[in-house]
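Student: I would like to go through this model and ask what lies behind each label. Can we take the chains in turn?

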Amino acid sequence: MRWRLVALALIVATPLLADSNLPPAYWANRQLPDSRQEAKAQALMAELRCLVCQGQSIADSDAELAGDMRDLVRRRIAAGEKPSAIRSWLVQRYGTWISYKPTAEPAAWPLWLAPIVLLLIGAWLIRRRIRLKTSS
Amino acid sequence: MNRALRFAPLAVLLLIIVALVWRLATPVDTTVHSKLEGKPVPVFALAAALPGKPTVSSADLATGHPRLVNVFASWCVPCISEVKVLQSLKESGVAIDGIDIRDRPVDLANFLGRNGDPYQRIGSDPQSGLQIALGSSGVPESFIVDGKGIIRYQHIGAITQSDVPMILSKLERAR
Amino acid sequence: MIAEAGLAALWLAAGLAAYQFLLMILALRSDLEVARPMRAIAVVQGLLTLISFAMLLLVFARTDMSVALVFENSHSAKPFIYKVAGAWGNHEGSMLMWVTILAVAGAFVALFSRRTSERTLVAGLGSQAVLALGFYAFLLIASNPFARLFPAPPDGQGLNPLLQDPGLAFHPPTLYLGYVGLSVAFSLAVGALLTGEVDSRLARAMRPWVLGAWVLLTLGITAGSYWAYYELGWGGYWFWDPVENASLMPWLAATALLHSINVLAARGALKAWTMMLAVIAFSMSMVGTFLVRSGILTSVHAFAIDPERGTFLLALLAIYVGAAFTLFALRGATLKEGAPFELVSRESGLVINNLILSVILGIVFLGTLYPLFVEAVSGEKLSVGAPYFNEVAGPLALVLAVLVGIGPLLSWRRQRRPVLKQLTVPALLGATALAITIILSPDIAILPRLGFTVAAFLAAAAILPLIGRNPLRTPLATWGMVVAHSGIAVALFGMGANAAFTSERLAVIKPGEQLTVGPWTVELNAVTPTAGKNYTAIEAELRATRGEGVVTLKPQTHYYSDPPTETNESAIQTFWNGQLYTVVGKSDPSGGWQVRLWWKPFVTLIFAGGALIAFGGALALLGRLWRLRRAREASAEWHRRGYA
């Protein structure tokens, strides 16, 4: 019903009721001066899930908490911390849910193995369809 | 094509239907829980939220007695009714510390003046830094921290009157 | 009265669908003659459903508040065009549209399909009727669009201005025509499995339907992607959101089906795979409908309806797909495949194409549902998003794109002419592109770099089938193939450019200050308050220049009061080599304004490529239909002259 449209409208628009009175954090909407660091920060932000959104990364969310998380990521990258360390720190607090890139844990192995397994299954299925030895 | 192969799609479909039926029966829980239950409170020291009111630091949470840490804000609507419940908890002897998210002293002062002040200490968290460090994802939330500084329980959402017995019993068990 | 007429028409249509099903069973068991009225009944069923849908459009056009659906989704102050579009912008209305397309597609098959045997046609029409029956039941029992509201309220609730957008209004019909168009392939496949007539005739009968549905799906997805790009304010065009994936999966299956049908039509081979793909394609459409409406996936696109309706849809899904798969399992043994294909032949090329498309489909399916599986089994919550899909599907798509360049050059049965010689120029172009990217842009990621290489290769290779042929005598279907394959190269190039060369600038600046983004220098001139019919806004005036001439862009932020929301209206300027994308955000206590700027080189090629792919498909469809008509005219002429 209208729920879909309201939900869709919520990514296009930000509800004003849930906002604080403070402006966004300093580094929420500014880029780091070092472009390499900014690129690393951007790449990490695209992989982190927004806690209060309906399926968005913090990189393109207008929510306040997403802005605060962007600020956190940028400050830590500027301080020299590795993206993987920041990600683990967040995973320690929120669980693997917060990482859009499945981590290396056993629960995620099927995802990474899937392409190979699927290709092998497919190849096996078509093995009799293609004559590998050329006939004269 | 052999038998197993021809029935394979049906088998896969069955698995998928079972999974979908399970999902329909157990609705999605969209709340994000902190993974720090059972772990020590991260080291932190916040600035004071109000002049004259003591602030919160991680050292204050490991004093030997369990404490209730309430993550709140003046702009948070459900927090208004929660404050009354926190008052009654305070009267029952619960030590409550507040972490004020993204707030200004003047707004906080107004909020406490209008609704009451159940907090022994209030720390200011203007950029949600501590909130994120605790694994909290919104306001209001509360954490029960035991005497050794271990987080024992996370309560997501406002504490209502009906939650009080449960909170009190968890605080007892955290001694 | 109008609403009741619509409801009555729907009941009648449901009755006819049930009758069609009965006729099919009787005809297949005993005498085909029993099903003589089948075609006519299918046409009437289609007409009745069309009338029902027209009645819904009418009550929305007249803003009849005594109809509950109109009350919930419309308002007297809504512009007319959005009042009408509101008819399908909700669960019940869009389900009625779904079933209308289903019934009308059946009617068209009844009217125009002459290639299959009468037996298979009867079985196919019967299957289509069964599909419709389940959805009629769903509508009539659990989602009545014509429910009344007494007393009729003075005005409606549906005036959310955010939803009055041409993209949002017209994106669903295009997509639905595509999704539900695939039902014809499903029904014909089921019909052929029932009668045992899975052959090249069937493939040629199915082909125009699959092509038509596929063209519309391609257009719908491309249009949706472009809408998200300009509306969401961050310049992204694909997010691997579960509902986006739900629209991609039928498309992947339909693309594989399209190519598999060609093998079945030309060589009478790949029977099992083609039938399975035909079933899977529409199954994916149904899975998509279920996912979006059941509330089980977290997505901004999802309808949230009560679990009861979700269960009904799941039951329909289980019955239809389960029945089709069971039929396949039971009849699969009768699908005799011929001799294996030569390794270097067009058939093999298409088999490998199918394989890769199916693997990509499998990955998207798995990635979308994996969090659900894991949570069901272990309670753990994990997320699968863009990083996974890009890293896994991306390389596979690139391999596929290379094969797309080679495949059309291969001959049926066995490659005689050396094909590698023909590919020298494309291969050199690809290598040159790779070298250029290495020299000029050593820092870009590997995937965009390979994207450029493959795009260059494919752009040249796609045209090769036309070389050495008389353009006027080349079949339209071949032109269609060339255009569609070239469209892939164009889209790939756009995606690579967007991924590798987008310049982004996020800053907080005061009026009078400047920023650089890419080759552009952008100055914030002023930020002025403004207002619209139902919103207040602030408008930033930006002046941009990259040498000669100044371009003015005016992004806005709108503030609505009912409900209180704010939106960013981006200002985009298109140039021959890219787009300047600007957004203005909040003000800063220091007096500055948040500004987001992007220079996106060649980003329009992504969407132009998608449109080209659809256009190529349309050309191919036209070509096949034209050829069919000419063949029928020639055959009629022969009959007339007495040659039987």
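Student: How much of chain C is buried?

Tutor: This is a predicted model, so keep that in mind. In chain C, 54% of the 644 residues are buried.

Student: What makes chain C as compact as a globular protein of that length?

Tutor: Start with its elements: 18 helices and eleven strands. The globule rule gives 26 Å for 644 residues; the radius of gyration of chain C is 27 Å, close to that value, so chain C is as compact as a globular protein of that length. Its C-alpha atoms fill a box of roughly 85 × 75 × 60 Å along the principal axes.

Student: Which share of the contacts in chain C joins residues 24 or more positions apart?

Tutor: 74%, among contacts with a separation of 6 or more.

Student: Why is chain B called more spread out than a compact globule?

Tutor: Chain B has five helices and six strands. For 175 residues the globule rule gives 16 Å, and the radius of gyration of chain B is 21 Å, well over that, so the chain is more spread out than a compact globule. The box filled by its C-alpha atoms is roughly 80 × 35 × 30 Å.

Student: What is the order of elements in chain B?

Tutor: From the N terminus they run α-β-β-α-β-α-β-α-β-β-α. Of the 175 residues, 41% count as buried. Among contacts between residues at least 6 apart in sequence, 76% join residues at least 24 apart.

Student: Why is R102(B) called buried?

Tutor: The cut-off is 20 or more other C-beta atoms within 10 Å. R102(B) has 26 C-beta neighbours inside 10 Å, so it counts as buried. R102(B) sits in the loop between β3 (96–101) and α3 (105–115) of chain B. Its phi is near 45 degrees, a positive value in a residue other than glycine.

Student: And what makes T63(C) buried?

Tutor: Again, 20 or more is the cut-off. T63(C) has 20 C-beta neighbours inside 10 Å, so it counts as buried. T63(C) lies in the loop between α2 (38–61) and α3 (68–73) of chain C. Its phi is positive, about 50 degrees, although T63(C) is not a glycine.

Student: Which peptide bond to P140(B) is cis, and what is its omega?

Tutor: The bond from V139(B), with omega near -5 degrees. P140(B) is in the loop between α4 (129–134) and β5 (141–145) of chain B.

Student: What is omega for the cis peptide bond from F150(C) to P151(C)?

Tutor: Near -10 degrees. P151(C) belongs to the loop between α6 (118–142) and α7 (166–195) of chain C.

How values were computed:
Residues numbered from 1 in each chain as written. Chains lettered and ligands numbered in written order. Predicted model: local features only at pLDDT ≥ 70, side-chain atom pairs only at ≥ 80, totals over all residues. Helix = DSSP H or I, 4+ residues; strand = E, 2+ residues; numbered from the N terminus. Rg over C-alpha atoms; globule rule 2.2 N^0.38 Å. Buried ≥ 20, exposed ≤ 12 C-beta atoms within 10 Å, placed from the backbone. Contact = placed C-beta atoms within 7 Å.
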